[in-house]
Amino acid sequence: MGKRILSTLILWTITVVCFFVIGPDAAVWLLACLSVGTQYEFYGLLEHMGRHPFKKFGVSLGLIIILAPYYANKLSDSPVAGGIQSGIIAVTIVACCVRIFRERKVDQRVETLSATLLGIIYVPFMLNYLVRLIELPGDPEKGLMLVVWLIVTAKFTDVGALLTGKAFGRHPMSPVTSPKKTWEGAIGGCIISVGLGFTLSYLARDAFPAFFTPFWGTILALPMAILSIVSDLVESMIKRMAAQKDSGSSIPGIGGAFDLTDSLILTAPTGYLLLGLLALGS
């Protein structure tokens, strides 16, 4: 537990420095680094299942998916991220199809293609919505606050569930996939997430876009909390299928990058969609 707390403090310090001291570019590169680490570990888990993805090739394409739309927007007078992202995904599929004919046995080609593309779609494509969230309000500084709010509501669901589950947990939520997770812990995690969603959006309300009021900071925290639990269970299922306790060992007390970002993979695109609709309606 001590290592986990220390790692958490260090990670939040790095996040605060990148987001609020250095600025949006540093925040995007931090997210890109987390995506690269997560995707690499995801491919490692697939290898433990007997799959054969193109690890370095897939991770390189994933990095482009994260960075290219952001810098294309910076160089353009009008938003182009959506079109650039769609084009990159299409070219990525073409590149993977070409690659398998040169470097994989006939009986592995379709399996390699599907495993490589799964890693690209499930990790960088999904996490890229955190980068797009920075650009959503038209003011990167306010967009960064939306990303912080989403990370807080998602990640502290896990913290709240852990603490509540240890104190009051009695009924397993998913005995096969993740035996230690309980319904009591999940409910406690959601309550803490909603409370933090309100607290952050209220205390820092002037730093958020005008459309994101404390009311919405509270209401939207609940679906983020629920999806973070689902996202965490999906990672647990993948690790169990790969017969691995953690996705990696790069972060003491936590595990790997995938163990760190698991709850953001489903919340990032959903948060972007909900906040985008809120911005359109304002």
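Me: What does a side-chain oxygen of aspartate 139 reach at the start of α6?
Reply: The backbone nitrogen of glutamate 141, to within 3.1 Å. A polar contact is a pair of N or O atoms within 3.5 Å, where within protein one must be able to donate a hydrogen and the other to accept it, and residues adjacent in sequence count only if both atoms are side-chain atoms. This is a predicted model, where local features need pLDDT of at least 70, side-chain atom pairs count only at pLDDT 80 or more, and totals for chains, interfaces and linings use all residues. Residues are numbered from 1 along each chain as its sequence is written, and side-chain values use heavy atoms, with hydrogens and water left out.

Me: Where is the kink in α6 centred?
Reply: On phenylalanine 156, with about 25° of kink. The bend at a residue is the angle between axes fitted to the seven residues ending there and the seven starting there.

Me: Why is threonine 270 called partly exposed?
Reply: Buried means under 20% relative accessible area, exposed over 50%, and partly exposed in between (1.4 Å probe, protein chains only). Threonine 270 has 25% relative accessibility, so it counts as partly exposed. Its place is in helix α11 (residues 267-281).

How values were computed
Helices (H or I, at least four residues) and strands (E, at least two) are DSSP runs, numbered from the N terminus.
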